[in-house]
Amino acid sequence: MRPALKFWRRVHALLNRRRFEQDLAEEMDAHREMMAPGERRRFGNDTRLREESREQWSWSWLDQFRQDLNYGVRTLLKAPAFTLGAIAVLALGVGVNLAEFEIFDAMIFHRLNIRDVEEFIQFSRISKEGQHPGFPSAAVEFYRAGSANLAWLVSEDTSFEMVVDDQAGVRSSLVSANYFSSLGIVPAWGRLLDARDSEPGASAVAVLGYQEWQTHWAARPEVVGQVIHVNGKPVQIVGVAPYTFEGLSPRRIALWLPTTVRPQLFPGSPAPNQDYARPSAALFGRLKPGASQAAAEAELTALTRELMHSQPHAFRPDDRIQAQLLQASMRLRARQAPAIAIFMGLILLVLLSACANLGNMLLARGLARQREITIRLSLGASRGRVVRQLMTENFVLALLGAAAGLAFGSITARLLMRLMDAPPGMLLTLNWPILTTALVLTGLSAVAFGLPAALQTARPNQRKMHLRQSLVGIQVAISCLLLIVSGVLAHNGIASAAVNLSFDYQKMLIVDPQFYARTLPPAVALQKLDALSAGLSSLPGVASVTAAVVPPLGGRVMLENVPGLPRVYRNAVLPSYFAAINLPIVRGRTFLPGEPNVVVVSETSARTIWRNEDPVGKTWDLAGRQLTVAGVVKDSGANLLADPDSIEAYTPLEGADVQRATLIVRTYADPAPLIRQIPGAAATAGESVSITLMRTSRENQLAAQARLVTLFGSIGMVATALAAAGMFALVAFAVAQRKRELGIRIAIGAGPRHVLSVLLLQNAWPTAIGAASGVALAIALSLLIRSLVVLQSRESFDMLGFSAGLACFLAVAAAATLVPATRALRIDPSATLREE
Amino acid sequence: MPKGALSMLILRVLHSGPLHGYAIAQRIGQLSGDTLGAEEGSLYPALQRILIEGWAKAEWGISDSGRRVRFYKITRDGSAQLKREVQEYEQATIAIQSILRLA
């Protein structure tokens, strides 16, 4: 109770402040009068004692804050050029970063390697009770049939608990029949789910996730065709999803099953097309070209109303359908990607650079305010009080800067999207985490950079340049680092676009007969393979047909570990492989039919293993056998996209490998029309096959990389702009400050060269040290980036990227310092000397 | 002099009856032999603290010399606080003394 009373006494003191002050003053006056005249000096400093007494009322910090705020705003208003400059610097730092963050956030989905994933929409139901992402499974077909605005609509339900063999809690997903075909996913092995699996009477089938296949199935393709038990019921595995796809829901999916299989796995559960009771199916779709998101929402809402007549309990009475771009709902998962951590780090660096800039401006301004500060100190202001006042000003600046940054950021984000030619559907959102981060960061940076500046300003006798120079150094280091990183990435982007796929992937199809699903004896499989390829060769438009276990760009790899060598990407191929896909043989020859223990190596393998020697005829220990090198082919380039260190080796397709073989069909023109003819040709040979276009994955990879380069490049540019502004300001300020001195120097005959060197040399060291540490950091960072982004350059130190970045930085730095410095040359000595 | 000590002395002086600021300073000066001497004014921040804490109440009145002054009167909280502080002080002193003797 007592603290409460104390609180009220303070409130009382606050409300009756004037009376309190008067009482105190009168009392102190009386005291002094009562003292003997000679003694009065012993009373002490009246002003300070009153201040101390007032502090007892304890609201004084609030009071002082109000005073400081008042004063700060007034001084800022009095120096509009400085204020606007500082706000602009902060706005640039904060704003551009917010913009970048938004865009990166929106773009990270390219990691999914699904084409146009930015345009995927997730639907949810909104009522006054809130948002619900699930729909009754029976509604899905109704929506699909009734919608005119959607190119496709798929459903995915991850709410069922499955027991697979003895493994409980397997993350599984029940999907609509058109799920994989609509998303454009390519199988790694076997086939993915399609319409026939959802037909009435179809047997239960499933597709494994790549990760699941690796961890629980020892990465054996023979798993295709095997029967597993899901909830005790037999289910046949028909394929493995590619390693790039983990499902649309936020959790990585281990097993996909068609929705229609539900009654079999959960006896007693209603057929999905009649189930209105369980609203757990997530709906995803894509708009038809020209259709608007609003139209789709209105349409689906109308369909929902219609459904409600017959199924009043399936929905909430005020349910509306809302369409949201998938990226918004997937954001959480993307956040965990390590690339984001690096990206965030770089963003922080740019902000740091902006703040270093601000710190420098504050210091310069502190010098200009020396007179005012000295007066305040000599009038009895404590140093702490002056610092506090300066910091209040800094916070006002930080707040204004952050606000301006938000506005600026949203404009920049849209501008950048234009520049990057982003898909029109890509959504930019400014959400609370981003906002809060921005504000907190700005606040923290106001402390980190404002405080040293304020401390130095409040100590007028020490005019050391160290702080300012180290701030310049920091900026130089950061922008150097960012430019180099952008340089390396840009170089990499160009390199990977230029990675020559030595074969014509545009005109090739992968046709998988899935022998592994049937465990055929190798001899039989080989026979069937021959029959099938004969059948396919006779199709019009087919140039050649060959077979390999690992079709290029097909989502599979066969890795061999050879001590002392980079990862060896092995492929087992028919002798006709190289000719059929147009991969030139550089030396030696291809295999002869039935030739044992031979290997064909790629150029890079040959160079790596037998430096400066002719590899043909050499023996090589690979896959547990002694192989003789028959020939050398060009690097295919297919594995380089995923692993630049990779080397390639080809062994004859024989033995157990035959079962895993796929056919590769090269066409004369666009291979797409063949997709419709191949199943028929395969059927005549008694086979059923899965078909994919080779170009799909390649195009996805390139698009994602191009955007990454634009993004990093623009961060580098912002950091450089900031550093340039910082150096410009520093030199310009030095010119203004030393105008008199320079005037005298010119008057007594200093030449332009001398004047320039006086001005420029003071920044030479911080710039040099900053640039050196920037380069050092860039080397460290590029190692890190290398582990995340696939870099094409074989050396870990990308000379061209580094020097391009560095050169770009030096050019900007030179311009930023020379322009204001040359202004000093135009100083008129007589005018300057008259000025004061 | 430590901050807390001054308010303890003031409370102790007020314990014998209400006094105004100048008188408090005088009394402490007499009793202590000029401890406050260096800066008599430092009494006032301490008095403000005592008021805010509720250890004393102030009332305007007329001094013996006919001057309008503020009289401070210790409250029950103030007496309790004084007792507590004196106790703490004595305990601390005893502890320090015994250490000094033994060490």
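Predicted model: local features only at pLDDT ≥ 70, side-chain atom pairs only at ≥ 80, totals over all residues.
Me: Switching to chain B. What is the strand order in the sheet of three strands?
Reply: The order is 1-3-2, in an open sheet of chain B with antiparallel pairing.

Me: Which strands stand at the edges there?
Reply: Strand 1 (19–20) and strand 2 (56–62) of chain B. Each has a single partner strand, so one side of each has no neighbour in the sheet.

Me: How many bridges does strand 1 of chain B form with strand 3?
Reply: Two bridges, in the antiparallel sense, with strand 3 of chain B covering residues 68–74. Within strand 3 of chain B, B:Phe71 is the residue opposite B:His20.

Me: Still on chain B, how many residues of helix 3 are buried?
Reply: Nine of the 11 residues of helix 3 (residues 43–53) of chain B are buried, so the helix is largely enclosed by the rest of the structure.

Me: Which ones are buried in helix 3 of chain B?
Reply: B:Leu43, B:Tyr44, B:Pro45, B:Ala46, B:Leu47, B:Gln48, B:Arg49, B:Ile50 and B:Leu51.

Me: What comes just after helix 3 of chain B?
Reply: B:Gly54, which takes a positive phi of about 85 degrees.

Me: Back to chain A and positive phi. What about A:Asn582?
Reply: A:Asn582 is not a glycine, yet its phi is positive, about 65 degrees. A:Asn582 belongs to the loop between helix 18 (577–580) and strand 19 (585–588) of chain A. A:Asn582 counts as partly exposed because it has 15 C-beta neighbours inside 10 Å.

Me: And A:Asn612, is it buried or exposed?
Reply: A:Asn612 counts as exposed, because it has 5 C-beta neighbours inside 10 Å. Its phi is also positive, about 60 degrees, although A:Asn612 is not a glycine. The loop holding A:Asn612 runs between helix 19 (603–609) and strand 21 (619–622) of chain A.

Me: Now strand 18 of chain A. How many of its residues are buried?
Reply: Six of the six residues, 568–573, so strand 18 of chain A is largely enclosed by the rest of the structure.

Me: Which way do the residues of strand 18 of chain A point?
Reply: A:Val568, A:Arg570 and A:Ala572 point one way, and A:Tyr569, A:Asn571 and A:Val573 point the other way. In a regular strand, side chains alternate between the two faces of the sheet.

Me: What does strand 18 of chain A pair with in the parallel sense?
Reply: Strand 23 (residues 647–652) of chain A, over six bridges. In that strand 23 of chain A, A:Thr651 is opposite A:Ala572.

Me: And in the antiparallel sense?
Reply: Strand 17 (residues 559–560) of chain A pairs that way with strand 18 of chain A, over two bridges. A:Glu560 has A:Val568 of strand 18 of chain A opposite it.

Me: What is A:Ala241 in contact with, leaving aside neighbours within four places in sequence?
Reply: Its contacts include A:Ile185, A:Pro187, A:Ala188, A:Leu192 and A:Trp256. A:Val207, A:Leu208, A:Gly209 and A:Tyr210 are also in contact with A:Ala241.

Me: Where is A:Tyr71?
Reply: In helix 4 (residues 60–78) of chain A. A:Tyr71 counts as partly exposed, with 13 C-beta neighbours inside 10 Å. The C-alpha atoms of A:Tyr71 and A:Gln389 are 8.2 Å apart, while the two residues are 318 residues apart along the chain.

Me: Last one. Where is A:Leu810?
Reply: In helix 25 (residues 799–825) of chain A. A:Leu810 has 14 C-beta neighbours inside 10 Å and so counts as partly exposed. Its C-alpha atom is separated by 9.0 Å from that of A:Ala771, 39 residues apart along the chain.

Technical notes: Residues numbered from 1 in each chain as written. Chains lettered and ligands numbered in written order. Pairing = 2+ DSSP bridges. Helix = DSSP H or I, 4+ residues; strand = E, 2+ residues; numbered from the N terminus. Buried ≥ 20, exposed ≤ 12 C-beta atoms within 10 Å, placed from the backbone. Contact = placed C-beta atoms within 7 Å.
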